[in-house]
Amino acid sequence: MGGKRKKNDDSDVEESKAVSSNKKTRTTEKKDQLRPSMIKNKEKRSEVHAKLKHQKKLDKRAKAKTRDAALKRALELGEELPEKKVPRTIENTREFDETVCKPGDEEELFAGNDADEFSSILHKQYTPKILITTCRFHSTRGPAFISELLSVIPNAHYYKRGTYDLKKIVEYAKNKEFTSIIVVHTNRREPDALLIIGVPNGPTVHFKLSKLVLRQDIKNHGTPTSHKPELVLNNFTTRLGHRVGRLIQSLFPQDPEFKGRRVVTFHNQRDFIFFRHHRYIFENKEVKKPESRDKKDKDGKNENVTEQTTIARLQECGPRFTLKLISLQHGTFDTKGGEYEWVHKAEMDTSRRRFFL
């Protein structure tokens with residue numbers, strides 16, 4: 001009996017030793033994983049944070065040096081260049097979507113384009129004619145935003161809303177041969193939404209408008225001319241994005257005047273459509289020739305041999321704002337009996353890597 005008890009006591013001692021060793025390893029791991037947020041002293045916390053930041057910078061420089069050395073060695077020996085590492089972003093790790101347009105889907109897309117509501121405008125059978133109006137409530141920045149929209153979109157006309165219903169405005173636009181209607185909605189005297197209605201057969205698109213910056217608030221802004229702008233649409237990859245892109249395209253003429261050097265951009269990123277309005281500027285600038293650095297004149301001074309080169313840059317004209325698609329409806333505006341193609345709902349925002357445009 002006594003011997004059995006001794007064996008049990010020995011096993012208990014071994015277990016306690018193992019537990020104590022595990023605790024020691026855990027404490028050492030915790031010490032190694034010490035983070036600045038765990039330090040209560042402010043001075044010590046900032047000191048540790050500065051050291052970690054400096055160490056990260058040194059590691060980044062070391063990686064860049066080894067990468068450049070490997071690239072230089074491959075070029076000298078004529079070997080295959082090392083593969084460039086693609087950064088992991090939210091865009092390139094987006095969830096799989098069956099509606100994304102692939103190279104093999106072009107025939108089907110083009111066949112659908114010939115039958116949609118925008119084909120007559122985009123095939124230059126009709127010139128776009130836009131009616132711009134507001135909601136019934138007055139706003140402070142609304143008129144300034146509308147005046148800048150009139151300068152951005154050619155052949156656009158502003159009409160006061162008054163007490164007219166939107167359906168009557170749609171009928172008026174049909175009689176006057178307008179191709180689209182843009183309604184600027186305001187909330188608390190600030191533009192917060194855009195409603196774009198295709199005339200006469202729709203569709204109707206509702207955008208949420210945010211981060212509006214007017215031309216006067218943009219530093220070193222330019223003044224646009226009255227030429228027809230060049231239109232750039234980026235990253236509208238899905239079927240829904242393709243349809244929204246064609247709607248935006250139908251607002252602008254299809255024969256841009258490149259002499260005006262104007263460019264209007266709608267860039268889609270993570271289902272946010274960023275609007276920018278620029279003009280090209282070409283400048284002549286004197287640049288030193290690289291061969292003239294070693295040349296010296298009779299007095300032993302370096303000769304400054306320069307050449308003139310043309311440099312192109314962009315100057316923002318404004319306005320600047322961001323759009324978010326809320327709904328896409330068949331036909332013209334109808335809140336009661338309208339059929340919706342797509343509606344944004346709260347349950348769609350469960351994943352950060354799920355996009356629809």
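**Close-up views of a predicted model**

**View 1. Lys 228 and Asp 255 meet through their side chains in a salt bridge, at 3.3 Å from N to O.** Lys 228 sits in the loop between strand S5 (204-213) and strand S6 (230-234), and Asp 255 in the loop between H7 and S7, so this pair ties together parts that are 27 residues apart in sequence. Lys 228 is partly exposed, with a relative accessible area of 26%. Asp 255 is partly exposed too, at 38%. Please keep in mind, here and in the views below, that the model is predicted.

**View 2. Arg 313 and Glu 283 join their side chains in a salt bridge (3.1 Å, N to O).** Here the partners come from strands: Arg 313 lies in strand S9 (residues 306-316) and Glu 283 in strand S8, so the contact ties together parts that are 30 residues apart in sequence. Arg 313 counts as partly exposed at 37% relative accessibility, and Glu 283 does so at 35%.

**View 3. A salt bridge connects Arg 270 with Glu 91, whose closest N and O atoms are 2.8 Å apart.** This pair links distant parts of the chain, 179 residues apart: Arg 270 belongs to the loop between strand S7 (262-269) and strand S8 (272-288), and Glu 91 to the loop between H2 and H3. Arg 270 is partly exposed at 37% relative accessibility, while Glu 91 is partly exposed with a relative accessible area of 25%. The structure holds eleven salt bridges.

**View 4. Helix H7 (residues 239-249) is largely enclosed by the rest of the structure, because eight of its eleven residues are buried.** Among the buried residues of H7 are Leu 240, Val 244, Leu 247 and Ile 248, as well as Arg 243 and Arg 246. Arg 246 is also one of the residues touched by Ser 119, along with Asn 113 and Asp 114, not counting residues up to four places away in sequence. Ser 119 itself is found in helix H4 (residues 119-122) and is buried, with a relative accessible area of 13%.

**View 5. Lys 53, Lys 57, Arg 61 and Lys 65 gather on the surface in a patch of positive charge.** Lys 57 lies in helix H2 (residues 42-77) and is partly exposed, with a relative accessible area of 48%. An α-helix has 3.6 residues a turn, so residues three or four places apart point the same way.

**View 6. Leu 71, Leu 75 and Leu 81 form a nonpolar surface patch, with about 290 Å² of accessible area together.** Leu 81 is in the loop between H2 and helix H3 (106-113).

Terms used
Residues numbered from 1 in each chain as written. Predicted model: local features only at pLDDT ≥ 70, side-chain atom pairs only at ≥ 80, totals over all residues. Heavy atoms only, no water. Patch = residues over 30% accessible without salt bridge, like charges linked within 9 Å, V, L, I, M, F, W, Y side chains within 5 Å. Areas by Shrake-Rupley, 256 points an atom, 1.4 Å probe, with all protein chains shown as cover. Salt bridge = Lys/Arg side-chain N within 4 Å of Asp/Glu carboxyl O. Lys, Arg positive; Asp, Glu negative; His and termini not counted. Charge placed at Lys NZ, Arg CZ, Asp CG, Glu CD. Helix = DSSP H or I, 4+ residues; strand = E, 2+ residues; numbered from the N terminus. Buried < 20%, exposed > 50% of the residue type's maximum accessible area, 1.4 Å probe, protein only. Contact = heavy atoms within 4.5 Å.
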